[in-house]
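Student: I have a new model open and want to learn how to read it. Can we go through it feature by feature?

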Amino acid sequence: MWYHKPVVNEELLQSLPNLRIVASSGVGIDHLDLKLLTSYGVKVSNTPFVVSTDTADLGMALMLASSRRLVEGYEMAISPDTEYFPVDWLGAEVSGATLGIVGMGMIGYKVAERAKAFEMKILYHNRSQRKKEDESAVGAVYCKKIDDLLQQSDFVLLAVTLTPQTHKLIGKRELELMKPTATLINISRGLVVDQDALVEALQKKIIKAAALDVTYPEPLPRDHPLLKLKNVIITPHIGSATKKTRHIMMEEMIESIEAALAGLPVPHEVS
């Protein structure tokens, strides 16, 4: 499967009685009905580790681009109407700012490693606290309650898996807890955020900005209000989109398929 295609439903499974495995690219498996697949005796694999570095890089790129208003600056620099560059056109500092990471798995931790180089204060919220040595290596402070993280952070970065528990994890209440100068960065899944609440928060300046690699749906309808806001940067779900990583992802999917067909343990099998 690539970009969640083809759709694996009961109709497809009934038409493929010899199906052994569904090898899905990337780490997210929210597009798959694992109970249904298990009932047909079909294994599932993904490619979780290879995507972490590139996705963390993109998270930092979105933070920098949003804070320094790179898209707006580019448009100003090339506009035929630009006669001078205004001296009061300012961005926000990243170095020394507070970054709140929601979801401190592989991707979230790699973001923290990068943020440390920017001398950022790092807070994180996770289902469980990481080891003390992991925290001290990046200078991260655990927030048991997400509310504490939201209230303190200049940048809130979402790196969670989409589950029933994280569906619309960030809604109206959570956005109102954030600083009016804060930026929301989403590199997880679009459905982790209540998009209607986000549009309202951006329009009413409840938060300053958003930088999104993921939305719901993808792409957004061309008349969606998020596409009309200047304080939003949207990229087309390109967290893992580098030549090297995509090549490795395909190799790992092939390895899983070959193992399943040979009756061997499947690398990166999703239990």
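Student: Where is Glu119 found?

Tutor: This is a predicted model, so take every value as computed. Glu119 is in the loop between helix 5 and strand 4 (121-125).

Student: Is Glu119 buried or exposed?

Tutor: Exposed means over 50% relative accessible area. Glu119 reaches 64%, so it counts as exposed.

Student: What should I look for in its backbone?

Tutor: Start with the general idea. Most residues other than glycine have a negative phi. Now the case here. Glu119 has a positive phi of about 55°, although it is not a glycine.

Student: What is phi of Lys168?

Tutor: It is near 55°. That is again a positive value in a residue other than glycine. Lys168 belongs to the loop between strand 6 (155-158) and helix 8 (172-177).

Student: Is Lys168 exposed or partly exposed?

Tutor: Partly exposed, because its relative accessible area is 43%.

Student: Now peptide bonds. How do I read those?

Tutor: Most peptide bonds are trans. Look at omega in the exceptions. The bond from Lys5 to Pro6 is cis, with omega near 0°. Pro6 sits in the segment before helix 1 (10-15).

Student: Which residue does a cis peptide bond join to Pro219?

Tutor: Glu218. Omega is about -10° there. Pro219 lies in the loop between strand 8 (209-212) and strand 9 (232-234).

Student: Let me step back to the whole chain. How many helices and strands does the protein have?

Tutor: It has 10 helices and 9 strands. Its radius of gyration is 20 Å, close to the 18 Å that the globule rule gives for 271 residues, so the protein is as compact as a globular protein of that length. The C-alpha trace spans about 65 × 50 × 35 Å along its principal axes.

Student: What share of the residues count as buried?

Tutor: Of the 271 residues, 45% count as buried. The protein exposes about 14800 Å². Carbon and sulfur atoms supply 56% of that area.

Student: How do I read contacts along the chain?

Tutor: Ask how far apart the partners are in sequence.

Student: Which residue is 57 residues from Met106 in sequence and 7.6 Å from it in space?

Tutor: Phe49, with the distance taken C-alpha to C-alpha. Met106 lies in helix 5 (residues 106-117). Not counting residues up to four places away in sequence, Met106 touches Pro48, Phe49 and Ser52. Its relative accessible area is 38%, so Met106 is partly exposed.

Student: What about Glu72? Which residues is it in contact with?

Tutor: Leaving aside neighbours within four places in sequence, Glu72 is in contact with Trp89 and Lys230. Glu72 and Lys230 are 158 residues apart in sequence, yet 7.5 Å apart in space, C-alpha to C-alpha. Glu72 lies in helix 4 (residues 70-78). At 23% relative accessibility, Glu72 counts as partly exposed.

Student: How do I read a polar contact?

Tutor: Look for a pair of N or O atoms within 3.5 Å. Asp154 is in the loop between helix 7 (146-152) and strand 6. Its side chain reaches the backbone nitrogen of Thr98 at 2.8 Å.

Student: Which side chain is joined to that of Asp154 by a polar contact of 3.0 Å?

Tutor: The side chain of Lys179. Beyond four places in sequence, Asp154 touches several residues, including Ala97, Thr181, Ala182 and Thr183.

Student: One more residue. Where is Ser188 found?

Tutor: Ser188 is in the loop between strand 7 (183-186) and helix 9 (195-203). Its relative accessibility is 5%, so Ser188 counts as buried.

Student: What does the side chain of Ser188 make a polar contact with?

Tutor: With the side chain of Asn186, at 2.6 Å. Not counting residues up to four places away in sequence, Ser188 touches Leu158, Ala159, Val160 and Val214.

Student: And charge? How many positive and negative side chains does the protein have?

Tutor: There are 30 positive and 33 negative side chains. Compare the centres of the two sets. They lie 3 Å apart.

Technical notes:
Residues numbered from 1 in each chain as written. Predicted model: local features only at pLDDT ≥ 70, side-chain atom pairs only at ≥ 80, totals over all residues. Heavy atoms only, no water. Helix = DSSP H or I, 4+ residues; strand = E, 2+ residues; numbered from the N terminus. Buried < 20%, exposed > 50% of the residue type's maximum accessible area, 1.4 Å probe, protein only. Polar contact = N/O pair within 3.5 Å; in protein donor to acceptor, adjacent residues only side chain to side chain. Contact = heavy atoms within 4.5 Å. Rg over C-alpha atoms; globule rule 2.2 N^0.38 Å. Areas by Shrake-Rupley, 256 points an atom, 1.4 Å probe, with all protein chains shown as cover. Lys, Arg positive; Asp, Glu negative; His and termini not counted. Charge placed at Lys NZ, Arg CZ, Asp CG, Glu CD.
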